[in-house]
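Open your viewer and switch to the cartoon view. This tour tells you what to select at each stop and what is there.

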Amino acid sequence: MVYGIIIHSSERHEKYYFSYYYDAEKSKVDVEEEENDCIRQQTIIKRVLEEITYYENEKMKTDNTAKKHREKYFDLLDAFLSKNNNDEGKINGEGFFRIINPSLFKNRINVLWKVVNKICYTLVFYAHENIHLADYFLHTFINALREQHDSVKRKKCKSNMELFHPDTVLAVLYFFLPKGQLLLMNENHANFLNSQVKQFLADKAQISPKDSKLV
């Protein structure tokens, strides 16, 4: 089962756009538990940013070394690649680590993260879960959000906060991660779920505020 998912900046730990947690670790909802959730979230985000910084530094060293070797070829390879490389929607970085800290979590926790356009999608799930299912879900989740954004023409949103509208993210989670359970799916199933999300959001948009109060 998944513990939670966080969408946040890949550069600043205090900037996040969305988070949602499933309640397997909670015995009751109170102020103290909410504070613990904040501590857990801050701990996870800071650790993810440390990982991102580490990998970026290593990548920079590798790129600098590779560039020195390419210079003798007058950077013709770079000129060719720059014309044939599309970075839109490309995974800029990804990683995985485990948290074993009884003061934060009762059970061992795995953390899987992927960065796209300086936005980090972080999946927190229990250690017994299949990491391949988790990885495929996170990849599909990112693509599903992008497809929903494109379908409602949110590419020109003024901020990422508007981009990750709670209704859209929660709808995607409802279909792709029901009750926090990872699904075994293929591309056809993912396309079907995407169509379900679109229909759900379209139906919701047609319900007026007055009608929604009567439900």
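This is a predicted model: local features need pLDDT of at least 70, side-chain atom pairs count only at pLDDT 80 or more; totals for chains, interfaces and linings use all residues.

Stop 1: Select the five strands. They form an open sheet, and their order is β2-β1-β5-β4-β3. The pairing is antiparallel. In general, strands of a sheet pair through backbone hydrogen bonds.

**Stop 2: the edges.** Now select β2 (16-21) and β3 (93-99). Each has a single partner strand, so one side of each is left without a neighbour in the sheet. Look along the sheet next. From one strand to the next, the twist averages 15°.

Stop 3: Select β1, residues 2-9, together with β5. Seven bridges join these two strands in the antiparallel sense. Zoom in on Gly 4 and find its bridge partner in β5, Val 124.

**Stop 4**

**Stop 5: Lys 118.** Go to the loop between β4 (109-116) and β5 (119-126), where Lys 118 sits. Is Lys 118 buried or exposed? Lys 118 is exposed, because its relative accessible area of 52% is over the 50% cut-off. Check the backbone too: phi of Lys 118 is near 70°, a positive value in a residue other than glycine.

**Stop 6: Lys 179.** Move to the loop between α5 (166-176) and α6 (187-206) and select Lys 179. Its phi is also positive, near 55°. Lys 179 counts as exposed, at 74% relative accessibility.

Note on methods: Residues are numbered from 1 along each chain as its sequence is written. Side-chain values use heavy atoms; hydrogens and water are left out. Helices (H or I, at least four residues) and strands (E, at least two) are DSSP runs, numbered from the N terminus. Buried means under 20% relative accessible area, exposed over 50%, partly exposed in between (1.4 Å probe, protein chains only). Two strands pair if DSSP finds at least two bridges between them. Axes are lines fitted to C-alpha atoms, for helices over the stretch in contact, and angles run from 0 to 180 degrees between N-to-C directions.
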